[in-house]
Amino acid sequence: MKHVTERPFADPQAAARKLLELAASIEPVHDGRIHIEKINYPFLYKLKASGAEFGAGIRCAVENGWLELHESGTYVRLLTSGEDSLAKA
């Protein structure tokens, strides 16, 4: 019998908010760019989230206008609405 543990980032909104929190804690390198691996690594390995949860969280954050994902997928930018969202949380 397997015991199912609750996944805290199964909800895309929760995953997106955590990704915003991680992005806000990182110093952008140039022109507001935050390398994707700077948020990917802690989300997947330190917080033990899944790749699907990461993908859903990124999509949710982009759809809500909180993050801008570059077409290459190598970096994101924290948008003003994302900063506002963090301030409200």
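Which residues does Glu53 touch, not counting residues up to four places away in sequence? Glu53 touches Arg7, Phe9, Ala10, Ala15 and Phe43, where contact means heavy atoms within 4.5 Å. The notes below start with the basis of the model and return to Glu53 in point 4.

1. Basis. This is a predicted model, in which local features need pLDDT of at least 70 and side-chain atom pairs count only at pLDDT 80 or more, while totals for chains, interfaces and linings use all residues. Residues are numbered from 1 along each chain as its sequence is written, and side-chain values use heavy atoms, with hydrogens and water left out.

2. Overall make-up. The chain has four helices and three strands. Both kinds of element are DSSP runs numbered from the N terminus, helices being H or I with at least four residues and strands E with at least two. Read from the N terminus, the order is α-β-α-α-β-β-α. Of the 89 residues in the chain, 35% are buried; buried means under 20% relative accessible area, exposed means over 50%, and partly exposed lies in between (1.4 Å probe, protein chains only). Among contacts between residues at least 6 apart in sequence, 55% join residues at least 24 apart.

3. Helix 1 against helix 3. Helix 1 (residues 12-24) and helix 3 (residues 51-63) pack at about 80 degrees, and their axes are 7 Å apart. Axes here are lines fitted to C-alpha atoms, for helices over the stretch in contact, with angles running from 0 to 180 degrees between N-to-C directions. The two helices are therefore roughly perpendicular, the class for 65 to 115 degrees; under 35 counts as roughly parallel, over 145 as roughly antiparallel and the rest as oblique. Helix 1 contributes Pro12, Gln13, Ala15, Ala16 and Leu19 to the contact, and helix 3 contributes Glu53, Phe54, Ala56, Gly57, Ile58, Cys60 and Ala61. By class, this contact has nine nonpolar, two polar and one charged residues. In that scheme Ala, Val, Leu, Ile, Met, Phe, Trp, Tyr, Cys and Pro are nonpolar, Asp, Glu, Lys and Arg are charged, and the others, Gly among them, are polar.

4. Glu53 and Arg7. Glu53 lies in helix 3 and is buried, with a relative accessible area of 9%. Glu53 forms a salt bridge with Arg7, the closest N and O atoms being 3.0 Å apart. The criterion is a side-chain nitrogen of Lys or Arg within 4 Å of a carboxyl oxygen of Asp or Glu. Arg7 is in the segment before helix 1 and Glu53 in helix 3, so the pair ties together parts that are 46 residues apart in sequence. Arg7 is partly exposed, at 38% relative accessible area.

5. The structure holds four salt bridges. Among them, Arg77 pairs with Asp31 at 3.0 Å, N to O. Arg77 belongs to strand 3 (residues 75-78) and Asp31 to the loop between helix 1 and strand 1 (33-35), so this pair too ties together parts that are 46 residues apart in sequence. Arg77 also forms a salt bridge with Glu68, the closest N and O atoms being 3.5 Å apart. Shared partners join Asp31, Glu68 and Arg77 into one network. Arg77 is buried at 18% relative accessible area, Glu68 is partly exposed at 35% and Asp31 is exposed at 52%.

6. Nonpolar core. The largest nonpolar core has 22 residues, of which Leu19, Ile39, Phe43, Phe54, Ile58 and Leu67 touch the most other members. Such a core is a set of buried Ala, Val, Leu, Ile, Met, Phe, Trp, Tyr and Cys residues joined through side-chain atoms within 4.5 Å. Helix 1, helix 2 (36-46), helix 3 and strand 3 each supply at least two residues of this core, and the largest share, six residues, comes from helix 1. Leaving aside neighbours within four places in sequence, Ile39 is in contact with Leu19, Leu22, Ala23, Ile26, Ile34, Phe54, Ile58 and Val76.

7. Helix 2. The buried residues of helix 2 are Ile36, Ile39, Pro42, Phe43 and Leu44. Their cover includes helix 1, strand 1, helix 3, strand 2 (67-69) and strand 3. Leu44 has a relative accessible area of 18%. Leaving aside neighbours within four places in sequence, Leu44 is in contact with Ala49, Ser50, Gly51 and Phe54. Leu44 and Phe54 are ten residues apart in sequence and 7.5 Å apart in space, C-alpha to C-alpha. Helix 2 is followed by Lys48, whose phi is positive, near 60 degrees.
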